[in-house]
Amino acid sequence: MKSLWMQSKAEILRIVRNPYFVFWSLAMPILFYFIFTRVLNGDMPNLEEWQAHYLMSMAAFSVMGTSVMTFGLRLVQERTQGWSTVLRTTPLPGAVYAASKMFAQMLLNLLCIVVIFTSGWLINGVRLSASQWLMAGLWIVIASLPFLALGGLIGCMKKVDTANGISNVLYMGLAISGGLWMPFEIMPEAMQRVGKWLPSYNYGDGAWSIAAGGSPSAVSMLILLGYLIAFMVISGYVRKKQEAV
Amino acid sequence: MTTVIELKNVSKTFRGKKAVDGVSFAIEKGTITALLGPNGAGKTTTMSMMLGLLQPSEGALSLLGGAPGDRRTRDRIGAMLQEVAVMDGLKARELIDLFRSYYSRPADRDYLIKLSGLSPSDLNRSGQKMSGGQRRSLGFALAMAGNPDVLFFDEPTVGLDTTARRRFWDEVRQLAKQGKTVLFSTHYLEEADSEADRILLFDQGKIAADGTPDEIKRALVKRSVSFLPETADADWQKRTAGLLGMRLENEAEVTESNGRIIVTAEDTDAVLRILIESGLGIRDIRVDVGRLDAAFEQLTRNHGTNAQIDTREAI
């Protein structure tokens, strides 16, 4: 228990001290939120709705980014720098290490959500009911699991540069085609048809539904669950192959 | 004396290449042992198997009476690997505390801080911003975090200046005196010679020699006795070989160069004695000892290049 706590504390410190985390997970989403709800919102018919909707988009964007980029890259770095090997010479169980990483990640995701929600409240005076805030926050944390698994898959890559490039493309691609950056409805129809099957769209859609007074659809949940299982199975397979030397 | 580490016929094959080939040895408590050899000789692979980072393809290893890689075993060992990685985003002081939390009976914090040789301001710096030497010193402190019984150092002094190197070895000596067992790998003969009680000489995945530094030196260095025969008539080369063959325990090689008969043998004292006692007409007797570094270099150069296997990738 003590080692779990110490390790989690260390992981949290490491993530918070990473300038990329602060930039991508906090500064960027808040800046985007400001730009797209205060500066470029001229022709939005129901502004209040849009402000709540886009707040959800940005919170999802932030947490997805932390999971895919920070988590995945960190895994690659630790391996290439030999850090994972060092840890394997210590009595720290691998499971505790993995658990503390997950725990730290979850806690920081929660922190990002609170900060971004608060900024939405401060910037635009977004008002949702207490249960809506809570449900949206919970959804964004829990439904981020497929992205953590995707991060884990990126974490199997051999080189930091490759992992960095690929995770950037995935992150941006998923964010844009999933409608996290701009409204899904203004995208070409063909893109929308593909986008509906992406984890990012279903992730965002759950939060949007909650903000609009509904709840995440069963289809979204199933699709996200499918991605979670797929990513976990693939990375399990890749890891096994890498270890079989 | 208790045996702390034991390897029985251990081999490791990477993609059909044998990086370690049938290695056996036992290490006693409180000793300092050097794994000496050129790059690619199998030192790091052997050490990785002792640490439980790699599984042997064949053979058995035991460490502190248990299996390497076992949690209880790991609680009692410390390791400093070739590439000293320092976790990013954590200060040296935090790393020391973190590592202490991994072990059931951690070493004293102040002792570890002293061991790292870092100043109070450096202790508050992140590992990434340290010099290679400082990182290595920190790595040493981290290896000691669990107050281990057995210590593994893979090329520990690469990148250290003379003072830091001296300090490191003085500390290691102290640890061995306290009953800790130390294993280190190096490709510097000098270092193995001056710091180790015992040298395991690795060559192409096998142990080419095993003994005290003096014994290893004796095995590596060619010693010879040479003389000029008084008469040029008889076949001296054959005669000498016959004479020595009867009375010498180990084999001797007899050659001739410019009329001088050269006997290359391990025990040159015995050769001398036999030659004198035989009453042969010989003069201008010389005893020559080859140069140690030259002999080691030759061994290294012969095989060093073709046995390179990147074990780090495999880990």
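Before the details, two remarks on conventions. Residues are numbered from 1 along each chain as its sequence is written, while chains are lettered from A and ligands numbered from 1 in the order in which they are written. Because the model is predicted, local features need pLDDT of at least 70 and side-chain atom pairs count only at pLDDT 80 or more, although totals for chains, interfaces and linings use all residues, and side-chain values rest on heavy atoms, with hydrogens and water left out.

Let me start with the fold of chain A. It holds 11 helices and zero strands, where helices (H or I, at least four residues) and strands (E, at least two) are DSSP runs numbered from the N terminus. The radius of gyration of chain A, taken over C-alpha atoms, is 18 Å, close to the 18 Å that the globule rule gives for 245 residues, so chain A is as compact as a globular protein of that length; the rule itself is 2.2 Å times the number of residues to the power 0.38. Along its principal axes, the C-alpha trace of chain A spans about 60 × 40 × 30 Å.

Of the 245 residues in chain A, 53% count as buried, meaning under 20% relative accessible area with a 1.4 Å probe and protein chains only. If we take contacts, that is, heavy atoms within 4.5 Å, between residues of chain A at least 6 apart in sequence, 78% of them join residues at least 24 apart.

Now to two residues inside chain A. G120(A) lies in helix 5, residues 94-124, and is buried, with a relative accessible area of 0%. Leaving aside neighbours within four places in sequence, G120(A) is in contact with Y33(A), L55(A), G125(A) and V126(A). Its C-alpha atom is separated by 7.8 Å from that of A52(A), a residue 68 places away along the chain.

S25(A), in turn, belongs to helix 2, residues 19-39, and is likewise buried, at a relative accessible area of 1%. Not counting residues up to four places away in sequence, S25(A) touches Y20(A), S62(A), T66(A), C112(A) and I116(A).

Finally, a look at chain B, where P213(B), I216(B) and L220(B) are buried in helix 9, residues 213-220. Seen down the axis of that helix, its buried residues fall within an arc of 60°, so they line one face of the helix; the arc is that of the directions from the helix axis to the C-beta atoms.

Methods
Buried means under 20% relative accessible area, exposed over 50%, partly exposed in between (1.4 Å probe, protein chains only).
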